[in-house]
Amino acid sequence: MIRYIASDLDGTLLLNGAQELDPEVFSLILRLKEKGIHFIAASGRQYYSLRNLFRPVADQISYIAENGSLCIHDHQVISRGLIPRELGLRILDAVREFPRCDCLLSCESRCYTDSRNPRFIDHMKNVVRYDMEVVPDLRDIQEPFLKMAMCDFRGTKEMEHFFQNRFASQIKVVTSGNLWVDFIAPGANKGTGLARLLDHLGLSPEDGIAFGDQYNDVEMLQLAGTSYAMSGAAPGIAYYSTYVTDSVVEVLQDIAAGV
């Protein structure tokens, strides 16, 4: 019996760089809810951004934000993961040695950047529509660090290699979409976030479906009873999934129709 569906956004529900969901997704979420199937948005994005994306059904679903570092149901924080400040400051120091990337620091209240790249600032504020403040120096932020993410508009290959070499033994470093490398708080990922959320909801992991396309989705794909990797997923992601699909919407349509 299917009791929940958890889906990644960028590269999964949002394809080809789209920044708005297909309106049919909202009607499908409501139809699935009528069948007793709860929808969970699971993303590296911030909670504010996710609520905006799902605005028509924002109070009907649950959220795994910041790659599992912040899980929210019915406006209540179910779990949060934090990056130790000393480690976060060392990551910020390393950013200065890889100047081609722009750094985003996620905190519970909002996100921050000290980037001076107008393309990055415009992308975050006007394309992805983050609640983001530009500050002189990220090292001055005193709020706990939920997640750190680096963006390179040329792609993640060199950036991932650089930061993996520096920090892979201390913190999980994963690609997220085609532009981002994320640093995820110890013990936090979409899988642990989903497990905590399901426990709160009284649901069993085997009674659900997960969709994803990147290595920040692996634990979630492994936890769910059934999982789908996108056909355009990062190499190797299909290994962690039950099936491969071109379209989340088509799978949701089949489930809503009782196929």
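**Helix packing and two contrasting residues**

In helix H1, the residues Glu24, Val25, Leu28, Arg31 and Leu32 meet Val249, Leu252, Gln253, Ile255 and Ala256 of helix H8, where contact denotes heavy atoms within 4.5 Å. The residues of this contact of H1 with H8 comprise 7 nonpolar, 1 polar and 2 charged, with Ala, Val, Leu, Ile, Met, Phe, Trp, Tyr, Cys and Pro counted as nonpolar, Asp, Glu, Lys and Arg as charged, and the others, Gly among them, as polar. The model is a predicted one, in which local features need pLDDT of at least 70 and side-chain atom pairs count only at pLDDT 80 or more, while totals for chains, interfaces and linings use all residues. Residues are numbered from 1 along each chain as its sequence is written, and side-chain values use heavy atoms, with hydrogens and water left out.

H1 spans residues 24-34 and H8 residues 248-256, and the two helices pack at an angle of about 30° with their axes 10 Å apart; helices (H or I, at least four residues) and strands (E, at least two) are DSSP runs numbered from the N terminus, and axes are lines fitted to C-alpha atoms, for helices over the stretch in contact, with angles running from 0 to 180 degrees between N-to-C directions. H1 and H8 are therefore roughly parallel to each other, given that angles under 35 degrees count as roughly parallel, over 145 as roughly antiparallel, 65 to 115 as roughly perpendicular and the rest as oblique.

Helix H3 (residues 85-95) and helix H5 (residues 157-167) pack at an angle of about 140°, their axes lying 11 Å apart, and H3 and H5 are therefore oblique to each other. This contact involves Leu87, Arg90, Ile91, Ala94 and Val95 from H3 together with Phe162, Phe163, Arg166 and Phe167 from H5, a set that divides into 7 nonpolar, no polar and 2 charged residues.

Glutamine 46 is placed in the loop between strand S2 (38-42) and helix H2 (47-53), and counts as buried at 4% relative accessibility, buried meaning under 20% relative accessible area, exposed over 50% and partly exposed in between (1.4 Å probe, protein chains only). The side chain of glutamine 46 reaches the backbone nitrogen of aspartate 131 at 2.6 Å. Apart from neighbours within four places in sequence, glutamine 46 is in contact with Ala65, Glu66, Arg110, Cys111, Tyr130 and Asp131.

Glycine 258, in the segment after H8, counts as exposed at 56% relative accessibility.

Key. A polar contact is a pair of N or O atoms within 3.5 Å; within protein, one must be able to donate a hydrogen and the other to accept it, and residues adjacent in sequence count only if both atoms are side-chain atoms.
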